[in-house]
Amino acid sequence: MELLRSLAITGTEEVLSVSSLILLLAAAWGGDKASRVISIAAVAVLTVCAVLTVPALTQAVMGPAASAWNGQFSGDAFAAFGKLLIYIGAAVTLIVAPAFFEREKAMRAEFPLLVLLASMGMGMMVSATDMLALYIGLELNSLAAYVLASFLRSDERSAEAGLKYFVLGSLASGILLYGISLTYGFTGSTSFAGIHGALAGTLSTGAVFGVVFVLAGLAFKVSAAPFHMWTPDVYEGAPTPVTTFFAIAPKVAALGLLMRVSLFAFGSQPGVWQQIVIFVALLSIVIGALGAIGQDNIKRLLAYSSINNVGFMLIGLACANQAGAAAMLVYLAIYVAMSVAGFVAVLMLRDADGAPVESIAAMAGLSKTRPMLALALAAVMFSLAGIPPLFGFWGKFVVFQAAVQAGLLSLAAIGIAASVIGAFYYIKVVKVMYFDEATDVVTGQSDMAQRVLLFVSVVAISPLGYLLTKSLGVLAGNAAAALFHIA
Amino acid sequence: MIGFPILSLMLLVPLVGAVACLMAGRESARMIALAVTLLDLVLGAVLWSHYQIGGPTWQFQEHASIFAGFEWKLGIDGIALLLIALTVFLMPICIGASWNAIEKRAGEYYANFLIMETLMIGVFTAQDLFLFYIMFEAGLIPMYLIIGIWGGADRIYASYKFFLYTLLGSVLMLIAMMWMVNEAGTSDIPTLMAYSFPVKAQTWLWLALFASFAVKMPMWPTHTWLPDAHVQAPTAGSVILAGVLLKMGGYGFIRFSLPMFPEASAQFAPLVWGLSMAAVVITSLIALVQHDIKKLIAYSSVAHMAIVTVGLFAFNRQGLEGSMLIMLSHGLVAGALFLAVGVIYDRLHTREIDRYGGLAINMPAYALFFMLFTMASIGLPGTSGFVGEFLSLMGIYAQSSWVALICTTGIILGAAYMLYLYRRVVFGVQKNEDAAAMPDLDKREWAMMIPLAAVVLWMGVYPETFLAPMRKDIAALDARLAQARPRGDADVQLAAMPPAAATHEHGDAMEHGEQAAHAARHEGAR
């Protein structure tokens, strides 16, 4: 019975692994000609998985009822929230990718498979309640991601991105593994519940080192400063659909993992990691803002913007309470919508031959040549800057409110003041599109799927998004409650 | 009371109009914009006529819980009513001013203006702290675009400066508001206005809000974005900036800083006075040497706003009522002056004072209107400017005769720079042929000037119309401030009355003096 129950809880992982193996066989026989069919099938699989996560989220499943495989894995509302966002991000990637790769004559059947496998790994990351399950999920995701980053084999930048990602990602994994082994050595357990119990009371120095190394490794994965260096290069070099994927799914997974590790495994010693998180959050906000100012490539700019946004999300984590976690999840959901809108819009920037345009200068006067696209990008930029009435404001609002309620007034004040630096480069993009004379570079057309995705995501970040605040708050509240349900 | 949610409707109408404008061409966009702003003006008139003077404090209240964390909650008192009336009155005139001047991307232009209208009305009607903040901040986006797209040669610098200055000012306000809501347990503005925050916290909260409102107002020395923004903005942008946006700062003081933090307001009153005195003198002197007409009026705006702030922080009824009246009057007069500049700018495409001269000869009607608004700006009795400035200065005189003395120099300097401007532009010889060949006002310009002139005179001759709706609210605010009011000059004179006593009795004497002063103040209040 226990086996059946565990199998039921890990349903999405089973669907993903079985279907990716079947699709792998289809790819072996069908070859690259079948890549479009396989992509569609993969999107369908992801949709099924997304639907499967919904009950756990709305019914606020938590605690022992969600625990599977002897406490290795949890299918609670928190995991469901993370998985839902991850599967959405993966599906968006698969929808926009074929058009991009076909132009480069690089569409291969492996692409959707790698995305499916990475999604499975990320699903495990947010579900893991044991250090070993965590590491398996992380590596499953990372190995797929390294290949995805260098998917345009003939493109130097793509190959460079893949190599950089691999070397630095392995380093981070090593740091994480070292931290895990230290933690195991000083607590005698790899399960989060066991670590939680063992860390309570007085803390040995060795355990502190373990916590610090684990957090450093995870900070790498969420691309928080000072471990952010790989982000701009990888984002710029990787093919744009892959960048879209990196900006959404692994970010959600790694942040989810960071939350579960900090708040559950290390939850009995918040004082130890709270100051680290505060430092990392502020540094990410400032570096993300300052680094973006000089950029002339829109993908690099969005990379710094994601560093900046991670900083704001970490403010929610720094609160170390349930309200902070819920705020962080709300921000995460809005961040996913903003990233989808931003990267789909970037994918739609094409010149007359259909070649992608990435330089910000080439976007001059976009409001005249492609008014709707410019409007969408302007909405994304103001939203990322957190200017009301766009929905991006709400994400910042909830995390800062959580910080104020938790008494972290100076953190909130410094963080919000630093957000003004970020506003400078966001409005610079708007300035280029709206105030400058048209260069008529971006004249290419975009396909229907991209338009629909852009429309949906821009509506979500428009002021209409505020109508979602109630339901979003309830779902994030369920997820956060599951995180704090200590069995 | 009216049977339908009039405030929501007033917010919705321009928003729908904005969407329609985005899709329309130039001709139809401006017709839509005019129709929509006139419809909002009618709604505003209905609002005023149904407003019960002396009725409940908050009227036309609406409430819908459709958001998490904050509420859709609207309602107005007399103060908000007057500022809404100012907004809906100026908007059709702004559209009129843009009628021929805006040629490129007209649909987007009018859409931005209509969104501005929604947000401005939203600021004055919001009864939820966070709803207020959203409306207050959101105004940055359309104004940034208006300055940046349709502005003058140096528009990009001006738009950045406007955006970043005002954003930096208001983000700290958000943190303060969150703290307030956390402390008081509600984001309902009327409740917060009666809540007593701990005096120690008030200091910080007051400063955080001050950062925002002082930039918006703008107060010296954070005023530097204003001349740039005004000079570069298109005429209608300047009108709305001077007419309504600056009033948001004053509204913020009167709605938040003063009633919510009376003790901190008293504590910081000398700071406000100091900055205001500096502003009056410095910006007036700067205005005196300007070569650019718009810049001159922009600096004069800073000087007028400084008299508003001293009036607000005079802690008495005259000061508060005077400040409200200056805000209304300045909204009309500065708007009208920018409009007058726009009229000649449309003809000659320069704001350089030296390029004009002798306009009284070829543009007599224009000269007449310009004269009226110049006089109103100076504060000539019989125009709107006089009533407000007189009351404000009277209010501050009760607190500190020195502050009153220095601020009054603003009136003299104001007369100097405005009359000097008028002489150079309208009188004198016609030294430039092209300026001499400019035609007088056309029908459209007449239609914009006449309502403004009529209201300016009305407010000057019979201010009661504008004082009546807000009297009760000002009285309530004054009562709220009474406990914290700093001892002013009016009290000190009375305190000095007891003859010098022996040293050990001195403390007693002082106490007596204070009691006497208190008694006298109560007498005065009656």
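**Notes on the model**

1. Buried residues make up 57% of the 526 residues in chain B; a residue is buried if 20 or more other C-beta atoms lie within 10 Å of its own, exposed if 12 or fewer, and partly exposed in between, with C-beta atoms placed from the backbone. In chain A, 62% of the 487 residues count as buried.

2. On provenance: this is a predicted model, in which local features need pLDDT of at least 70 and side-chain atom pairs count only at pLDDT 80 or more, while totals for chains, interfaces and linings use all residues. Residues are numbered from 1 along each chain as its sequence is written, and chains are lettered from A and ligands numbered from 1 in the order in which they are written.

3. Chain B has 23 helices and 2 strands, and chain A has 20 helices and 2 strands. Helices (H or I, at least four residues) and strands (E, at least two) are DSSP runs, numbered from the N terminus.

4. Along the principal axes, the C-alpha atoms fill a box of roughly 80 × 60 × 40 Å in chain B and roughly 65 × 60 × 40 Å in chain A.

5. Of the contacts in chain B between residues at least 6 apart in sequence, 80% join residues at least 24 apart. Two residues are in contact if their C-beta atoms, placed from the backbone, lie within 7 Å. In chain A, residues 24 or more positions apart account for 80% of the contacts with a separation of 6 or more.

6. Which residues of chain B does UniProt list for "domain: NADH:ubiquinone oxidoreductase chain 4 N-terminal"? The unreviewed entry gives residues 60-121; UniProt positions are in the numbering used here, feature names are shortened, and annotations may be inferred rather than shown by experiment. Over residues 60-121 of chain B the chain is 60% helix and 16% strand, with the end C-alpha atoms 14 Å apart.

7. An unreviewed UniProt entry also places "domain: NADH:quinone oxidoreductase/Mrp antiporter transmembrane" at residues 126-411 of chain B. Residues 126-411 of chain B are 82% helix and 0% strand, and their end C-alpha atoms are 35 Å apart.

8. Helix α9 of chain B (residues 199-216) has a kink of about 30 degrees centred on Phe210(B), the bend at a residue being the angle between axes fitted to the seven residues ending there and the seven starting there. Buried residues of α9(B) include Trp206(B), Phe210(B), Phe213(B) and Lys216(B). Their cover includes α7 (155-184), α11 (235-260) and α12 (262-288) of chain B.

9. In chain A, the buried residues of α12(A) include Trp273(A), Ser284(A) and Gly288(A). The buried residues of α12(A) pack against α9 (205-221), α11 (240-265), α13 (298-318) and α18 of chain A.

10. The contact between the chains takes 26 residues from chain A and 26 residues from chain B. On the side of chain A that touches chain B, α18(A) gives the most, with 12 residues.
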